[in-house]
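Work through the exercises below with the model open. Try each task before reading its solution.

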Amino acid sequence: MNESFLILIVLADSTVRVAAPLVLAALGGMFAERSGVIDIGLEGKMLAAAFAAAAIAATSGSALAGLGAAIAVSVLLSLLHGFACITHRGNQVVSGMALNIVLAGLTVVVGNAWFGRGGQTPQLEGSARFAPIDLPFAAQVQNVPVLGPIYAGIISGQNILVYVTAAVVPLTAWLLYRTRFGLRLRAVGETPGAVDTAGISVSLTRYRALVLGGVMCGLSGAYLSIAHNAGFVRDMSAGKGYLALAALIFGKWRPVPTLLACILFAFADAIQSRLQGKALPIVGVIPVQFIQALPYVLTVLLLAGFVGRAIAPKAIGVPYAKER
Amino acid sequence: MSTGAARPGTTWWPLEILLPLLNLAAALVVTGILVWLLGADPFKATSLLVSGAFGTSEALGYTLYYATSFIFTGLAVAIAFHGGIFNIGSEGQAYIGGLGVGLVGLAFGGLPAVVVVPLAILASAAFGAGWAYIPAWLQAKRGSHIVITTIMFNFIAAALMTYLLVNVMIQPGQQSPETREFEPNAWLPRINDWLGAIGVHIDPSPLNISFLWALICAAAFWVFVWHTRWGYRLRVLGFNEEAAVYAGVPRAATIILAMSISGALSGFVALNEVMGVHHRLLLNFTGGAGFVGIAVALMGRNHPIGICLAALLFGALYQGGSELNFEIPTLTREMVVVIQGLIILMCGALENVFRTPLENLLRGARAKATP
């Protein structure tokens, strides 16, 4: 077997693992942002969901209960964001930042009071976390050239939430572009006045979008603490929420390009750990920090219109005031 | 973005003073409930916190030292708010400002203090402003959303500084990524040394003369925003962009100027931390001061007096919070971060929940007074 092919398999595998939570959060944020509500709070919701998942999984011993808790917490936070921004027409960016900061502190405070381990949850074992699933025949087909390693090394052996992510992507695209709800959601993000005139509640549509986003952000947080890792550590999201936001913008607020952006960012992350300290032909050693900063630099370049053009939903960030 | 000014002819104090106090009270009530849920006594915690922040001259020194950085970042966020711009990048601008201070300290630390200190002030301002200039230019000329670009610039700044400190500026032959110590000429004098020189003895603390510079900046902020043509243009732009452009306000230049000043003010954080305390450039010396600035600006209603008071409050929370942690271990220092977030939530995001009833109440009272 060709060695560089095997390296590629390993890289692709770790790309999938890093990309999954980004995809979930970014597509979750897409619902909110396409409905006209800025979702900077992705980072905080992800962190809170990761904590809730690990804490409940550790106390109940059930990963499913943890997942439920993660989704519940994330949806509640989305509703709080909605209460501030939709009902009371507060500033959406300020509200998102407030959530991020509160939760950065709260997860540590509560975790420390609950488990007394400086903000960490106990190590999760057995049924308390989502273990990798070996798909049928993975071991048998391993030696089939090319396709075998792809099946055994990338497709098989992921945890259930990766497969959920894979299902969520087409579902999101379908919901957003092929259903009446999706049409209304997108319309509310472009010209809420017109939707209101048609007799559809702008607020309710936006709340629904936020709840959907909350569910997906909850999945993403649970992925971090009870699937990819076995427990919560402080500041576990470590900027992934912002990275997902960057991917959403880099993907121009569309499902497939957003997915590709997540994969690109995840691939950069996977390659960075392999390249550490190694010299490449022509360019020499690439500093790790350069690759770490790459997604953010690309997003800035895109926003500046130097790499394509990202056009935000027209009504994004503008609270809708129904005239009385 | 609300700049919080009352309309002419209405009483200004209920909205400018009562409202932030109501917001603060709401945040503190939520915190109190949280403390109680964690099994501690909120009232005892409060008294421990207050004595921990103001009880001794050393404690007061620490409180004011923390407040110094928060005044800088609070002013930085506020000047952008006046133009309707949300600068989330204060953290990154402060970090890059540190690069300026670090370069001056390393290169010119041997020169007399009267030369090094002004040089460092200029360098921190220039580096901070430079880091803010790019997102500002992109917003003004290319329409890139400044909230997103400044968030991205925070991450880029962090990566850049890690790279420089780990690979380039690190003191040779040592493990931790920090530069060598500057020569003592590049240390900002401590307030306790100055007071000691005139015969007033207080306990040593990191409080240094950058505190005085912060107060000077606050005064200059007031003059700039309310008593110059540029400040007027900035406020008009913040109130109504279309009207401002129609009236001939140069939109792009005003945005870029406000953000550059904002970045410069953020950069001054490095004077306090790098030149005043650590005497070397090190990783993450900003410690989240840029984000505290958001809470300070909102709480201080973008007015320098309010900002100084709000910065004092946060300084007290940071200092008192660490004292509190000694006494009640369940109340960790992150509790302060929670309070900070809650204040942003109450003053910023949920502002209308408090403002609208208060305005209705005032209107009712006025209607009764003049039938």
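Helices (H or I, at least four residues) and strands (E, at least two) are DSSP runs, numbered from the N terminus. The model is predicted: local features need pLDDT of at least 70, side-chain atom pairs count only at pLDDT 80 or more, and totals for chains, interfaces and linings use all residues. Residues are numbered from 1 along each chain as its sequence is written, while chains are lettered from A and ligands numbered from 1 in the order in which they are written.

**Exercise 1.** Find what follows α3(B), then check the span and burial of this helix.

*Solution.* Step one: go just past the end of α3(B). There B:Gly84 has a positive phi of about 75°.

Step two: take the span. The expected value is 1.5 Å times one less than the number of residues. For the 26 residues of α3(B), residues 57-82, that should be 38 Å; the end C-alpha atoms lie 36 Å apart, which agrees.

Step three: judge burial. A residue is buried if 20 or more other C-beta atoms lie within 10 Å of its own, exposed if 12 or fewer, and partly exposed in between, with C-beta atoms placed from the backbone. In α3(B), 23 of 26 residues are buried, so the helix is mostly covered.

**Exercise 2.** Describe the fold of chain B as a whole.

*Solution.* Start with the elements: chain B has 16 helices and zero strands. Next, the radius of gyration, taken over C-alpha atoms, is 21 Å. The globule rule (2.2 Å times the number of residues to the power 0.38) also gives 21 Å for 371 residues, so chain B is as compact as a globular protein of that length. Along the principal axes, its C-alpha atoms fill a box of roughly 75 × 55 × 40 Å. Finally, 54% of the 371 residues count as buried.

**Exercise 3.** Which helix of chain B gives the most to the side that touches chain A?

*Solution.* Two residues are in contact if their C-beta atoms, placed from the backbone, lie within 7 Å. By that test, the contact takes 39 residues from chain B and 35 residues from chain A. Several helices of chain B supply at least two residues each, including α5 (113-142), α13 (289-299) and α16 (351-369). α6(B) gives the most, with 12 residues.

Now sort by class. Ala, Val, Leu, Ile, Met, Phe, Trp, Tyr, Cys and Pro count as nonpolar, Asp, Glu, Lys and Arg as charged, and the others, Gly among them, as polar. The side of chain B that touches chain A has 25 nonpolar, 11 polar and three charged residues.
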